[in-house]
Amino acid sequence: MIVERRGVLQSKAALASAAHNPQVAQSVLGGLLHGFFVLTGWVLAAALVVLVIAVLSGPYRWAVALRSLV
C-alpha cells in the first residue's frame, strides 16, 4: 500500500508538471486524491493496531509476563 501511495504521488507530480498551469493542476489533483490519502492513512493505522494486538497476545515470554501484570 505504501508503494502504491508513492506511485500515486509520482503520477500526480508528473501530471501536474505536464499541465499548462502546474499550480492549478497540483491543487486539483490534490483535492481529488485527498480522500485516497486519508483512507490509506486509516487503513495503515488499523493495520498497526492489529499488529500490536497480535504481538501482545502472542506466546512470547515478555508478552505473557505483561498480560499477567495486567
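**View 1. Tyrosine 60 sits in the loop between H2 and H3.** The model shown here is predicted, so local features need pLDDT of at least 70 and side-chain atom pairs count only at pLDDT 80 or more, while totals for chains, interfaces and linings use all residues. Residues are numbered from 1 along each chain as its sequence is written, and side-chain values use heavy atoms, with hydrogens and water left out. Tyrosine 60 counts as partly exposed because its relative accessibility is 44% (buried means under 20% relative accessible area, exposed over 50%, partly exposed in between; 1.4 Å probe, protein chains only).

**View 2. A nonpolar patch on the surface includes Tyr60.** Patch residues have over 30% relative accessible area and no salt bridge, with nonpolar side chains joined within 5 Å (a salt bridge is a side-chain nitrogen of Lys or Arg within 4 Å of a carboxyl oxygen of Asp or Glu).

**View 3. Helices H2 (22-56) and H3 (61-69) each supply at least two residues of the patch.** H2 gives the largest share, 4 residues. Helices are DSSP runs of H or I with at least four residues, strands are E runs of at least two, and both are numbered from the N terminus.

**View 4. The elements run α-α-α from the N terminus on.** The C-alpha trace spans about 65 × 15 × 10 Å along its principal axes. Buried residues make up 13% of the 70 residues.

Notes
Patch = residues over 30% accessible without salt bridge, like charges linked within 9 Å, V, L, I, M, F, W, Y side chains within 5 Å. Areas by Shrake-Rupley, 256 points an atom, 1.4 Å probe, with all protein chains shown as cover.
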